[in-house]
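Subject: Structure for your files

Hello,

Here is the structure I said I would pass on. My notes on it follow below.

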Amino acid sequence: MELLFKRIALVGRHQTEGMADLLLDLADHLRAHGLQVSLEKECLLPMTDTVRQRASAYSVLEKTALISKVDLVVVVGGDGTLLSIAREIAPYGLPIIGVNQGRLGFMTDIPREEMHSAILAILQGACQPEERILLEGEVSRNGQILCQSTALNEVLFSRGAMGSLIDFELFIDGKFVYSQRSDGLIVSTPTGSTAYALASGGPILHPTIRAIALVPICPQSLSNRPIVVNDTSVVEFVLLKAQDCRVHYDGHTHFDLQPHDRVTIRRYHSRVKLLHPLNY
């Protein structure tokens, strides 16, 4: 049977015991079916003599070089690993298959013990494709852009080590919505609606809904409630007062904010493409 993709990249959670052998076993299986396999170098570290010998049969590359040479990425790890990889490869439009070696496995939905048969079935066309939006956040200070990053789950504004509340204003499409004093704010995609946003009392959004959820974290006023807006909306967060406030992107990158900083959040121009097994 003709396969949908021929050039496959294997990426795993870093610093995980047994990950190199797991990826190499999968690589051997895929190569036996005529596929061209590349592996991310950092996932094989520390590289023992045995691993180095087995890996010599494949292209072992840094992540940036790897992405430009493949048609599909298989991620082995937990949802956090997939979040990190998805943000990096979204601009390239590469589809992702997730193999779960974490705890929850919302997006890495293939059990490790079934990965050989499940991945091959997907490559043969037995799959459910799905697209997920990302958010792009841009921090500006005195008209100068200081930081830009993307998030598949959420853009989070939170108080830092000082522990004091933060005061901010929120605008949607240039229109004032409210001022708030709270522990922070979560700006969530439908994907992130089952993560931190859910734990903070936000709504569960189906992944296909074109929406963004705005979820306050422990607001001082009882009138502040979660709001859901269209994913074409532009959300602006303006920090008024805080001793210590940060903006986080999926918990992987962050930036320290100062009073009067403005963070503009909008839907990212590319989407993450996930390939699920038929029983997903």
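Does F237 count as buried or exposed, and what is its relative accessibility? This is a predicted model, and in it F237 has 0% relative accessibility, so it counts as buried.

F237 is also part of the aromatic contacts. The whole structure holds 3 aromatic pairs. One of them joins F157 and F237, which are stacked with 3.7 Å centre to centre and 5° between the planes. F157 belongs to strand β9 (residues 154–159) and F237 to strand β15 (residues 235–241), so the pair ties together parts that are 80 residues apart in sequence. F157 is buried as well, because its relative accessibility is 0%. Together with F168, F157 and F237 make up one aromatic cluster.

Elsewhere, R262 sits over the face of F171, 5.7 Å from the ring centre.

Helix α4 (residues 79–89) is largely enclosed by the rest of the structure, because 8 of its 11 residues are buried. Among them are L82, L83, I85 and I89, and also D79 and R87.

As for the chain overall, there are 6 helices and 18 strands. Its radius of gyration is 21 Å, close to the 19 Å that the globule rule gives for 280 residues, so the chain is as compact as a globular protein of that length. The C-alpha atoms fill a box of roughly 60 × 35 × 30 Å along the principal axes. Of the 280 residues, 52% count as buried. Of the contacts between residues at least 6 apart in sequence, 68% join residues at least 24 apart. The accessible surface is about 13,000 Å², with 49% belonging to carbon and sulfur atoms.

Regards

Terms used. Residues are numbered from 1 along each chain as its sequence is written. This is a predicted model: local features need pLDDT of at least 70, side-chain atom pairs count only at pLDDT 80 or more; totals for chains, interfaces and linings use all residues. Side-chain values use heavy atoms; hydrogens and water are left out. Rings of Phe, Tyr and Trp (its six-membered ring) pair if their centres lie within 6.5 Å; planes under 30 degrees apart count as stacked, over 60 as edge-to-face and the rest as tilted. Helices (H or I, at least four residues) and strands (E, at least two) are DSSP runs, numbered from the N terminus. Buried means under 20% relative accessible area, exposed over 50%, partly exposed in between (1.4 Å probe, protein chains only). A charge sits over a ring if NZ of Lys or CZ of Arg is within 6 Å of the ring centre and within 35 degrees of the ring normal. The radius of gyration is taken over C-alpha atoms; the globule rule is 2.2 Å times the number of residues to the power 0.38. Contact means heavy atoms within 4.5 Å. Accessible areas come from the Shrake-Rupley method with a 1.4 Å probe; for residues, only the protein chains shown count as cover.
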